[in-house]
Amino acid sequence: MHREHQVALYVRVSSEAQVDGYSLEAQEAVLRNDAKQRGKLVYKVYRDAGISGVREDRVGLNELLRDAREGKFGEVLVWTVSRISRKLFYLLQVIEELKVHGIAFRSISEQFDIDTSSGQLALITMGAVAQMQRESWIESSRIGMEKRAKSGRWSGGMMLGYHMVPDEDDPRGGGKLVIVPEEAETVRRIFDNYAAGLGYKAIVNRLNAEGKVGKTGKAFTSTTVRGILKNAAYIGKTRFGSKYYDG
């Protein structure tokens, strides 16, 4: 089988997938159907799950590029150019490498021929739009997190002494912290011991000797204890950037 008939499918989802609305399985099904209709055979499906489109250290994409250099297929098929990258510079870099190795690139959502000047312009435009969309999402997320912090709502992750439950008073569907009594006792002891003059190592030694563990179930370290003592949430504050608000 000549490589011109072999197609590589690339699918990716990340935190942006909720907006895009296409799972890995859905993307793959659409791509397989397109390849079948055009009489192409799928050489391999390259996947990256839960990885941002701005990262270049993607296992699936880098494997695809290695196989491209070895001439294992003649075309790369994606659902949209944003699957390759949401950074315009890197998107163009990947497409150029495929061209160097004589491999065609096809996007189902954006129909253009990258071998023409109009197609190259379309590619640059779509790449710029993908990058702009990501930057817009980041800004919207930043605004939302700042608003939550100012309203006193928690936007952080796990912390010893609490667990997260749905916040019925939050219209955005966020969560709130609820005290876990047995964990809270450990937190109080850390603060009491530090106030009594014990250093990080001494506190760690006491906790570990008693078999106490942190939120992740691992033994305490000086870094863990320091993080707890410096966490303003324990005195009822929420934080965004360098600013603190009453929780």
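Which residues of helix 7 (residues 200-209) are buried? Select Ile203, Val204 and Leu207; buried means under 20% relative accessible area and exposed over 50%, with a 1.4 Å probe and protein chains only. Helices here are DSSP runs of H or I with at least four residues, and strands are E runs of at least two, numbered from the N terminus.

Residues are numbered from 1 along each chain as its sequence is written, and side-chain values use heavy atoms, without hydrogens and water.

Next, show helix 6 (181-195) and helix 8 (222-229): the buried residues of helix 7 pack against both. On the face turned away from the buried side, select the exposed residues Lys201, Asn205 and Ala209. After helix 7 comes Gly211, with a positive phi near 80°.

Now colour by pLDDT, the predictor's confidence in each residue from 0 to 100. The protein averages 79, and 71% of the residues score at least 70. Confidence is highest in helix 3 (residues 59-69), at a mean of 93, and lowest in helix 1 (residues 17-20), at 44. Over residues 16-20 the pLDDT is below 50. Where pLDDT is low, the predicted coordinates should not be read in detail.

Definitions and conventions
Contact = heavy atoms within 4.5 Å.
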